[in-house]
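Me: Please take a close look at the aromatic rings in this model. Which rings pair up, and how are they arranged?

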Amino acid sequence: MSHGFETLAIHAGQDPETRTGAVIPPIYQTSTYAQEAVGAPRQGYEYSRSGNPTRDALQECLAALEGGRVGLAFASGLAAEDALLRAVCRPGDHVVIPDDAYGGTYRLFARVAERWGLEYSPAKVSDVDAVRAAIRPNTKIVWIETPTNPLLGIADIATLAGVAHDAGALLVVDNTFASPYLQQPLAHGADVVVHSTTKYVGGHSDVVGGALVVADTALGDELRYHQNAMGAINGPFDAWLTLRGLKTLGVRMDRHCDNAERIAAFLDGNAKIAQVIYPGLPSHPGHEVAAKQMRRFGGMISFRAAGGEEHAVEICNRARLFVLAESLGGVESLIEHPGRMTHASAAGSPLEVPGDLVRLSVGIETVDDLLADLEQALG
């Protein structure tokens with residue numbers, strides 16, 4: 001019997017605990033497990049790096065929500081990305097990455113993986129021809145974000161899956177901005193979904209984590225081996241917090257989207273704003289593709305200040321209800337200057353972001369209060 005998203009979020013991997021009937025999965029805060037005999041661990045559990053019931057509950061739920069067969073939870077989104085790259089790629093291989101990507105992802109490729117011998121090329125993921133042109137004979141992964149961070153570009157997942165597969169490469173989709181509630185890339189042909197579960201999945205700015213979800217069990221087994229061998233696993237309390245966040249993901253995302261739509265409409269056409277970037281606006285070049293593959297358009301908005309970089313910085317500093325902070329996806333609204341904050345590592349590179357750019361993570365507060373705060377912050 002199939003179930004809806006919200007039902008899966010509350011129940012997948014979360015049957016009542018057998019000994020006491022606890023309806024919430026316990027926090028198995030243990031490093032090791034007693035074994036029945038030498039070589040006979042109970043239910044397969046022997047050491048918590050290799051397996052933990054709390055983490056397993058989270059992994060099963062994530063897989064169900066993304067429509068995958070294997071879900072794996074990590075200590076952070078970057079830990080998940082690192083495990084994926086080392087499982088799939090070898091020195092001398094090549095990856096196509098977005099020309100507008102999370103700064104930490106770019107740093108991982110440019111400062112870590114490249115030294116290991118992994119080549120990469122940036123491409124505009126909203127341009128299928130540009131992605132196709134960036135592919136080389138040694139390309140193993142086409143890596144996309146959709147929406148991208150921070151310029152909210154939209155990539156056509158199904159079309160790029162075909163492009164990647166024709167080249168013998170995997171399509172990896174960072175689904176952090178959309179969340180599984182708004183978008184399920186595996187259903188459109190992607191091979192791997194990446195999440196920073198710190199963001200919308202956790203949803204409360206109180207836990208750091210990452211995840212990989214795949215449909216292919218053989219690839220899942222390879223990734224699971226690397227998860228254990230490399231050891232950057234999600235701890236049991238972090239897994240429990242993330243699983244708690246997942247239970248309300250659907251209702252939270254609906255409010256994030258409601259608020260973001262109101263704010264995007266308020267900003268659009270404001271004389272103090274040079275450009276509003278939000279996939280829900282018909283003026284966004286990726287609007288039609290986003291409408292095809294997303295349930296709604298998300299809670300992230302970027303805009304370019306008409307007064308240039310200093311004006312953008314002033315807006316960030318004047319905000320009061322919008323908290324000046326990095327990260328995104330929590331119940332509280334955040335504002336940041338990507339060029340000097342989250343994307344500082346991309347300065348001077350092809351991924352450098354405009355200095356006049358401001359990024360909003362729209363929370364679930366009363367929207368009229370958020371609008372009033374932005375009005376005063378614009379000056």
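**Aromatic pairs**

Reply: In this predicted model, Phe237 is partly exposed, because its relative accessibility of 41% falls between the limits of 20% and 50%. Trp240 is also partly exposed, at 22% relative accessible area. Both residues belong to helix α9 (residues 236–247). They are three residues apart there, so about one helical turn separates them. Phe237 and Trp240 form a stacked aromatic pair. Their centres are 6.2 Å apart, with 15° between the planes.

Now the wider count. The structure has six aromatic pairs. Another of them joins Phe5 and Tyr181. Here the ring centres lie 5.2 Å apart and the planes meet at 65°. That angle is over 60 degrees, so the pair is edge-to-face. This pair links distant parts of the chain. Phe5 is in helix α1 (residues 5–11), while Tyr181 is in helix α7 (residues 179–182). The two are 176 residues apart. Phe5 has 9% relative accessibility, which is under 20%, so Phe5 counts as buried. Tyr181 is buried too, at 5%.

Arg295 belongs in this picture. The charged end of Arg295 sits over the ring of Tyr181, 3.9 Å from the ring centre. Arg295 also lies over the face of Phe5, at 6.0 Å from that ring centre.

Tyr106, Phe109, Tyr120 and Trp143 form one aromatic cluster.

Key:
Residues numbered from 1 in each chain as written. Predicted model: local features only at pLDDT ≥ 70, side-chain atom pairs only at ≥ 80, totals over all residues. Heavy atoms only, no water. Phe/Tyr/Trp six-rings, centres within 6.5 Å; stacked < 30°, edge-to-face > 60°. Helix = DSSP H or I, 4+ residues; strand = E, 2+ residues; numbered from the N terminus. Buried < 20%, exposed > 50% of the residue type's maximum accessible area, 1.4 Å probe, protein only. Lys NZ or Arg CZ within 6 Å of the ring centre and 35° of its normal.
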